[in-house]
Amino acid sequence: MNIDSLIDALPKAELHLHIEGTLEPEMMLALARRNGVSLPYKSVEEVNTAYEFDCLQDFLDLYYNGMSVLIEERDFYDLTYAYLEKIQQQGVIHAEIFFDPQGHTSRGISFETVLGGISAALETAEREMGITSKLIMCFLRHLPEEEAFDSLECACKHKSLIHGVGLDSSEKGYPPGLFSKVFAEARKQGFIPVAHAGEEGPAEYVEQALDDLKVQRVDHGNRAFENPQLIKRLAREKTPLTMCPLSNLRLKGIPSLELHPLKKALQAGLVVTVNSDDPSYFGGYVSDNYKAIQQALDLQPQDIITLAKNSFTASFIEDKHKQSAHDEIDKVAGKFTLT
Ligand code: HPA
Ligand code: ZN
């Protein structure tokens, strides 16, 4: 058996995934036709050619444009269901999924249309495929905090469907501290806080996410490594990092995968996890990310097992389910003799 088969076979959780970032070019073109939306691309090849990014903002411009084809509840359903079918093939048994309601409500699509389609697909997938999930609603940080409060008000009407709140979009110039009030209210309302920090922004933004937003996980966190005290703190407080190697490579956060900080995170004892972020834009779903980073950093089978276990440790599922996932990982790993 080779290590790629181990990666495929291990049960995994995905914790950093933007559902709008799973919109494959084929589906984008099909939904554009179905909904009469015009796009700047005529073919899958043209879409793929356009997906060349120099930074996060280059990607975000195309990401917001791409989501303009999502209009009806069934579009959100189809998008979500297609993602779940893909990850089932990759051994993912639990997914904690971001969605960006402001990317849709700003185009006149109702919050309920978005949430209705996504959550119906999640329910079907749990029934049909046994994949469990939680939804995390993100606030777009390039927009004012008052608009985030509008989203939070909508979310409060659907607490049974939304587990947490997150912070995404353009990072530089938009520190987490700008959203302290809306996160405080969200926590008061029972939503679990997470935030993107240290993807392009400095280590100080990671500290703000911890101190001002009181996040329970940091999404990315790459630049935390610029501050050794902060790494010690993340280890001590067991705050997980949800890292996304192929995303960082494609958005030029790192010059090559060999220079990705994931191995340093493992060595520092952090609860680090591997995730896909926006797989249709960055060229790989979760197993593809595991395989690419394994090769680049020469990760050993024990590291892969640790990463798979971390994905459940860092998740928001109940402790007893974390334990049974760890037991299942040990069972699957025990059957592997690597060659
Ligand atoms: N970073 C920040 N915001 C995002 C991303 C990302 O990788 N994907 C979707 N929104
Ligand atoms: Zn992300």
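How far is an oxygen atom of ligand 1 from an N or O atom in the side chain of Asp277? The separation is 2.8 Å, a polar contact in the sense of a pair of N or O atoms within 3.5 Å; within protein, one atom must be able to donate a hydrogen and the other to accept it, and residues adjacent in sequence count only if both atoms are side-chain atoms. This is a predicted model, in which local features need pLDDT of at least 70 and side-chain atom pairs count only at pLDDT 80 or more, whereas totals for chains, interfaces and linings use all residues. Residues are numbered from 1 along each chain as its sequence is written, chains are lettered from A and ligands numbered from 1 in the order in which they are written, and side-chain values use heavy atoms, with hydrogens and water left out.

**Surroundings of ligand 1**

- The residues around ligand 1 are His18, Leu56, Phe59, Leu60, Tyr63, Asp168, Ser169, His196, Glu199, His220, Asp277 and Asp278; a residue is near a molecule or strand if one of its heavy atoms lies within 4 Å of it.
- By class, this shell divides into four nonpolar, four polar and four charged residues. Ala, Val, Leu, Ile, Met, Phe, Trp, Tyr, Cys and Pro count as nonpolar, Asp, Glu, Lys and Arg as charged, and the others, Gly among them, as polar.
- Helix H4 (residues 56-66) supplies the largest share of the shell, four residues. Helices (H or I, at least four residues) and strands (E, at least two) are DSSP runs, numbered from the N terminus.
- The space that ligand 1 takes is the largest cavity. A cavity is a set of points, on a 1 Å grid over the protein atoms alone, where a 1.4 Å probe fits but cannot get out, and a molecule sits in one if more than half of its atoms lie within 2 Å of its grid points.

- A nitrogen atom of ligand 1 lies 2.8 Å from a backbone N or O atom of Ser169.
- The side chain of Asp278 places an N or O atom 2.7 Å from a nitrogen atom of ligand 1.
- On its own, ligand 1 has 260 Å² of accessible area, and the protein covers 100% of this area; such areas come from the Shrake-Rupley method with a 1.4 Å probe, and for residues only the protein chains shown count as cover.

**Loop residues**

- Lys238 has a positive phi of about 55° although it is not a glycine, and its place is the loop between helix H11 (228-236) and strand E7 (241-243).
- Lys238 counts as exposed because its relative accessibility is 61%; buried means under 20% relative accessible area, exposed over 50%, and partly exposed in between (1.4 Å probe, protein chains only).
- Lys252, likewise not a glycine, has a positive phi near 60°. It is found in the loop between helix H12 (245-250) and helix H13 (262-267), and at 47% relative accessibility it is partly exposed.
- Ser315 belongs to the loop between helix H16 (301-313) and helix H17 (319-334). With a relative accessible area of 3%, Ser315 is buried, and its side chain reaches the backbone oxygen of Phe312 at 2.7 Å.
- Arg223 is in the loop between strand E6 (217-220) and H11 and is partly exposed, at 26% relative accessible area. Arg223 and Pro202 are 21 residues apart in sequence, with 5.8 Å between their C-alpha atoms.

**Helix residues and separations along the chain**

- Glu26 lies in helix H2 (residues 25-35) and is partly exposed, with 48% relative accessible area. From Glu26 to Val47 there are 21 residues in sequence and 9.3 Å in space, C-alpha to C-alpha.
- His104, in helix H6 (residues 102-105), is buried at 0% relative accessibility. His104 and Leu70 are 34 residues apart in sequence and 8.1 Å apart in space, C-alpha to C-alpha.
- Tyr81 is part of helix H5 (residues 73-88) and counts as buried at 18% relative accessibility. Its C-alpha atom is separated by 17 Å from that of Leu15, 66 residues apart along the chain.

Methods: On a 1 Å grid over the protein atoms alone, a cavity is a set of points where a 1.4 Å probe fits but cannot get out, and a pocket is an open set with protein on both sides within 12 Å along at least five of seven lines; lining residues have an atom within 4 Å of a point.
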